[in-house]
Amino acid sequence: MSDTYYDPKDLKNFKKITDWSEPLGTRFFEYYSKVFEEGALSAREKSLIALAVSHVVKCPYCIDAYTKDSLQRGITEEEMMEAVHAGAAIESGATLVHAVQMMNKHKKLSH
Amino acid sequence: MAKSSLQRSKHLLADPKKQLQVLSSGLFSSGALPTFSERLKGLNAELKTDQLEILQVNLGYMCNQTCVHCHVDAGPDRKEIMSSDTVDKVIDAIKRFRPNTLDLTGGAPEMNPEFQRLVRAAVSLSVKDIIVRSNLTILESNNHFRSYPQFFKENGVHVVSSLPHYSMRTTDRQRGEGVFSKSIAALNRLNELGYGRDEHLKLDLVYNPSGAFLPGSEKELEADFKRKLKADFDIDFNQLFCITNLPISRFLEYLIASENYEEYMETLVEAFNPLTLSGLMCRNTLSVGYDGSLYDCDFNQMLQIPIYGDKRYLSDLETNAYSNRKINVHQHCYGCTAGSGSSCQGSIN
């Protein structure tokens, strides 16, 4: 057992989740690899989306994996950082848009 | 860019024996990872040479650049260079072996004063493909070398140029400040002469990862390089060769210093692809050192792992002694067999 909640080595054991539920695990990995194939979006574009989402969901495994994937695809540092900002903008927007609820509630309760 | 060669800075890893010690110890001596020989044995495979097609000649370790990843540990401070006598022996070997390809490398091969004589001799001996592995910046360094693209064209030389990325930041970080701009200027001049545009004047680029990761899809990277270089600089080229960084010399030093060595070796070993074995370049290539010594590949040359047998110099090797010779392997060979494979002509599969 690791002394920390996250151990980088665990990423290599991701596929072991099938040990406890083979059909669900297998179907997940099939779905996962299908999602990232070339389609209407290029595999490169999907990799950048994955990198942005990795930051939004704050998954250290995913950040490691998609930073490496970006490097292998020749994606530039500027593109990577812009993708993270796109994710961060949505995340902060999602927080800030709740301020409207705060303002509505404030209006209703105060005079 | 590295400040100086490992040799100049008297680094322990300047010694090939020390590099081999690193590659034999740790993960491999503990049994955590199989050695390359063990991996071949597990497949009942043995690497042997086929027919000689490529004579790859290292004209010396002198270079105007000191790149971070360089497996040759080349640089301006390296003085090892092929002599005129040894060039004569290379020309004699071309007559005897009749290779389809003469692949000239270094260092910067253009810096050897015998370079043009060797190319002219190869042309007169009708070698089909004469390759110069040019770092591009040498072609912009002074008036003498600025004339070389015209010389290449007159002799139908196939130019294979290093360009690790289409972005200035990544290229300069690996190869030195200002390298990207000079490389673009050289590529523009090569294009103006017809290179990469005229079907007889081939201009290929070499991509190698700028760090401790494997190259991605050669096809996808080539499409990105073509699109970006055309849009930004009106540059045309033929093919992009993706080459995996092998854990030797300066790249090994970088892997250890950045604490990436173990993970990189694990990545290489996990990515081992047996399908690459039949296409490895050591099977049809003879690598010649600046002093005429013989190796299975340029990487073995830098690790000073000689070819099997007692004929270890160009002048000693008999024409019929090339084929069916056992190839000397070590852990760095995992670099050429990872994923899609890697050779001096890019991916294998």
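This is a predicted model: local features need pLDDT of at least 70, side-chain atom pairs count only at pLDDT 80 or more; totals for chains, interfaces and linings use all residues.
**Figure 1**
Chain B contains 12 helices and 8 strands. Its C-alpha trace extends over about 55 × 45 × 40 Å along the principal axes. A compact globule of 349 residues would have a radius of gyration near 20 Å, and the 19 Å of chain B therefore agrees with that expectation.

**Figure 2. The open sheet of chain B.**
The sheet comprises 8 strands, and their order across it is β6-β5-β4-β3-β2-β1-β7-β8, with mixed pairing. At the edges lie β6 (240–242) and β8 (294–295) of chain B, each of which pairs on one side only.

**Figure 3. Strands β4 and β5 of chain B.**
Strand β4 (residues 158–162) and strand β5 (residues 203–207) of chain B run parallel. The two strands are joined by 4 bridges. Within this pair, B:Val159 of chain B stands opposite B:Leu203, a residue of β5(B).

**Figure 4. Helices α3 and α4 of chain B.**
Helix α3 (residues 84–97) and helix α4 (residues 115–124) of chain B have axes that come within 10 Å and cross at roughly 15°. An angle under 35 degrees counts as roughly parallel, and α3(B) and α4(B) are therefore roughly parallel to each other. The crossing in which α3(B) passes α4(B) is right-handed. On the side of α3(B), the contact is made by B:Val87, B:Val90, B:Ile91 and B:Ile94. On the side of α4(B), B:Arg117, B:Leu118, B:Ala121 and B:Ala122 take part. Sorted by class, this contact has 7 nonpolar residues, no polar residues and 1 charged residue.

**Figure 5. Overall build of chain A.**
Chain A has 5 helices and 0 strands, which gives the pattern α-α-α-α-α along the sequence. Its C-alpha atoms fill a box of roughly 60 × 35 × 30 Å, taken along the principal axes. A compact globule of 111 residues would have a radius of gyration near 13 Å, whereas chain A has 19 Å.

**Figure 6. Helices α2 and α4 of chain A.**
Helix α2 (residues 43–56) and helix α4 (residues 77–96) of chain A pack with their axes 8 Å apart, at an angle of about 50°. The helices α2(A) and α4(A) are therefore oblique to each other, and their crossing is right-handed. From α2(A), the residues in this contact are A:Leu48, A:Leu51, A:Ala52, A:Val53, A:His55 and A:Val56. They meet A:Glu79, A:Met80, A:Ala83, A:Val84, A:Ala86, A:Gly87, A:Ala88 and A:Glu91 in α4(A). The residues of the contact divide into 10 nonpolar, 2 polar and 2 charged.

**Figure 7. The contact between chain A and chain B.**
Chain B brings 12 residues to the contact, and chain A brings 8 residues. Which helix supplies the largest share of the side of chain B that touches chain A? That share, 3 residues, comes from helix α9 (residues 218–233) of chain B. By class, the residues on this side of chain B are 5 nonpolar, 4 polar and 3 charged.

Note on methods:
Residues are numbered from 1 along each chain as its sequence is written. Chains are lettered from A and ligands numbered from 1 in the order in which they are written. Two strands pair if DSSP finds at least two bridges between them. Two residues are in contact if their C-beta atoms, placed from the backbone, lie within 7 Å. Ala, Val, Leu, Ile, Met, Phe, Trp, Tyr, Cys and Pro count as nonpolar, Asp, Glu, Lys and Arg as charged, and the others, Gly among them, as polar. Axes are lines fitted to C-alpha atoms, for helices over the stretch in contact, and angles run from 0 to 180 degrees between N-to-C directions. Angles under 35 degrees count as roughly parallel, over 145 as roughly antiparallel, 65 to 115 as roughly perpendicular and the rest as oblique. A crossing is left-handed if the near helix is turned anticlockwise from the far one by less than a right angle, and right-handed if clockwise. The radius of gyration is taken over C-alpha atoms; the globule rule is 2.2 Å times the number of residues to the power 0.38.
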